[in-house]
Amino acid sequence: MDTDLVIRAQQGDTAAFAAIASAVADRFLGVARRILRDFDLAEDATQQALLAVWQDLPQLRDPTRFEAWSHRLLVRACYAEGRKERRWAPNLRLLPVDEPVPDDDLSSVVDRDLIERGFRRLSIDHRVVVVLHLYLDLPLGRVADIVGVPTGTAHSRLHHAMRAMRAALDADSRPPVREVS
Amino acid sequence: MPTEPEVTRIVRTWLNAQEHETADRVLMNVLGALDTTPQRRSRWPAWRPFDMNTFAKLGIAAAAVVVVAIVGFNLMPASGGVGGTPAATPSTAPTATPTEAPAAAFPPEGPLAAGTHTAVLEGIPLSFAVPGSDWMAYPGFFIGKGGAENPDDLAIAFWESAPENVYSDPCAHTPLSPVPDHTAAGLAAAAAAIPGTDLISGPSSVEIDGRPAQHVVFKIRADLGCDPKNAYLWYDDSSGGATDGWHWASALGATHQVWITEVDGKVIWIDSETFEGLGPEVDQAIQQVIDSIQFE
């Protein structure tokens with residue numbers, strides 16, 4: 001982010017803030033959408049985070065740290081919206097079926113469902129680390145900085161999340177299933 | 001069963017394969033709200049990253065999970081004081097008299113040594129003591145220890161100019177009307193009745209340095225109705241017109257204490273904020289500081 005823009009926005013320059021917000025809004029929404037798994041909540045979190053950026057910018061001491069700082073506000077907003085998150089749909093009873101399942105692990109609706117379901121079962125703490133690390137490609141040290149936890153905790157959350165996802169995907173290695181009502 | 005690297009690859013691919021969303025609607029809402037959304041010009045760091053140098057300076061054990069950042073208090077900058085523009089002083093005024101009040105003052109930002117420190121609030125010199133070496137002074141006339149992101153945080157604000165009023169609707173930033181009497185009793189009664197808070201005690205009659213004072217303790221309710229940082233509790237507009245400073249809640253469940261006294265006709269306001277789930281030692285530390293205050 002252009003440090004000059006950040007400094008101008010810190011001083012109350014709305015045009016500078018508009019430029020900043022335009023530059024980060026889509027990314028914020030993408031991150032929030034992936035963490036919260038709900039578009040409406042993600043929009044709310046993004047809006048909340050952008051307004052928090054505007055409000056709290058004067059308190060940012062080091063403008064060069066805007067990115068980490070603003071991501072922190074976004075994560076906070078996701079936590080706040082996450083508390084409103086609807087409970088995941090009731091578990092469906094699954095029974096084996098005979099149809100073959102495509103090999104491509106992402107072309108299969110079944111796989112997508114499994115991934116989605118596994119991901120939703122993760123706590124927001126874990127989803128945040130996964131999304132920041134695997135979607136934004138941030139190193140875990142920076143993820144830890146944003147989340148406000150030691151780096152070891154970020155590592156541990158990622159490991160836990162991947163283990164949980166592995167268990168979720170493992171269901172796919174069992175005989176194919178079909179849904180019954 | 002997929003290996004962990006395979007799972008990582010699958011999840012990464014899945015995250016990146018999801019459709020790209022545009023935030024145009026959100027952006028429009030945000031930019032449309034700027035005019036009615038004031039920036040918060042706190043005089044102390046609301047958040048800053050983990051600061052190992054500060055830790056080293058303070059000699060805090062590495063295991064202590066403390067971020068040296070405080071958002072426990074959030075005041076807009078008032079005129080004068082350390083870290084801001086000094087209050088009007090009589091330095092060049094030939095009409096200055098020996099009775100003119102001294103300018104506001106507070107220990108400079110940084111670690112506070114255990115022991116006594118001095119300040120000037122409302123032209124009233126005073127001293128206070130911190131009970132340990134792990135305290136910091138922050139611009140904005142407040143002291144604290146710990147970090148607001150962590151549960152062992154506490155902070156005490158010494159208002160260089162006492163708040164004028166509280167908010168009758170903290171989330172909507174609606175000032176109480178009519179404005180309460182600018183007395184310890186009037187302000188304490190108002191502070192005890194701020195919506196969105198649960199009164200724990202007060203207004204109670206206590207003493208600060210042997211002077212009568214009012215004490216109020218309340219908690220921020222879980223059903224506050226807005227983000228705590230958008231819930232403004234009280235404000236100072238002593239310079240007239242624009243609000244010079246305000247204090248907002250930092251967290252749901254946080255406990256706020258307010259002490260208000262009067263010295264030589266001036267209202268002195270001190271408040272503290274602590275986070276939920278702390279032990280009694282935190283309140284004891286705050287009380288130790290309050291008990292140490294001496295007006296000169």
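**Close-up 1. Strands E5(B) and E6(B) pair in an antiparallel arrangement.** In this predicted model, four bridges connect E5(B) with strand E6 (residues 154–158) of chain B. Look for Phe142(B) here, whose bridge partner in E6(B) is Ala157(B). E5(B) also meets strand E4 (residues 135–138) of chain B, through three bridges and again running antiparallel. On that side, Tyr138(B) has Phe142(B) of E5(B) as its bridge partner.

**Close-up 2. Strand E5 of chain B, residues 142–145, has side chains pointing two ways.** Phe142(B) and Gly144(B) point one way, while Ile143(B) and Lys145(B) point the other. Are these four buried or exposed? Each of them is buried, Lys145(B) included.

**Close-up 3. An open sheet of three strands in chain B runs in the order E2-E3-E15.** The pairing in this sheet is antiparallel. Strand E2 (115–121) and strand E15 (294–295) of chain B sit at the edges, each pairing on one side only. E2(B) is joined to strand E3 (residues 124–130) of chain B by seven bridges.

**Close-up 4. The largest nonpolar core contains 62 residues.** The residues with the most contacts inside this core are Leu121(B), Ile143(B), Ile156(B), Phe158(B), Ala191(B), Leu233(B) and Ile260(B). Which residues does Ala191(B) touch, once its neighbours within four places in sequence are left aside? They are Val166(B), Val216(B), Trp234(B) and Val258(B). A separate core of 60 residues lies apart from the largest one, and its members include Ala42(A), Val128(A), Val143(A) and Trp14(B). As background, nonpolar side chains tend to be buried together in soluble globular proteins.

**Close-up 5. Chain B meets chain A through 40 of its residues, which contact 45 residues of chain A.** Helix H1 (4–17) and helix H2 (24–33) of chain B each supply at least two residues of the side that touches chain A. H1(B) gives the most to that side, with eleven residues. By residue class, the side of chain B that touches chain A divides into 21 nonpolar, ten polar and nine charged residues.

**Close-up 6. Chain B as a whole has five helices and 15 strands.** Of the 296 residues in chain B, 44% are buried. Among contacts in chain B with a separation of 6 or more, 61% are between residues 24 or more positions apart.

How values were computed: Residues are numbered from 1 along each chain as its sequence is written. Chains are lettered from A and ligands numbered from 1 in the order in which they are written. This is a predicted model: local features need pLDDT of at least 70, side-chain atom pairs count only at pLDDT 80 or more; totals for chains, interfaces and linings use all residues. A nonpolar core is a set of buried Ala, Val, Leu, Ile, Met, Phe, Trp, Tyr and Cys residues joined through C-beta atoms within 7 Å. A residue is buried if 20 or more other C-beta atoms lie within 10 Å of its own, exposed if 12 or fewer, and partly exposed in between; C-beta atoms are placed from the backbone. Two residues are in contact if their C-beta atoms, placed from the backbone, lie within 7 Å. Ala, Val, Leu, Ile, Met, Phe, Trp, Tyr, Cys and Pro count as nonpolar, Asp, Glu, Lys and Arg as charged, and the others, Gly among them, as polar. Two strands pair if DSSP finds at least two bridges between them.
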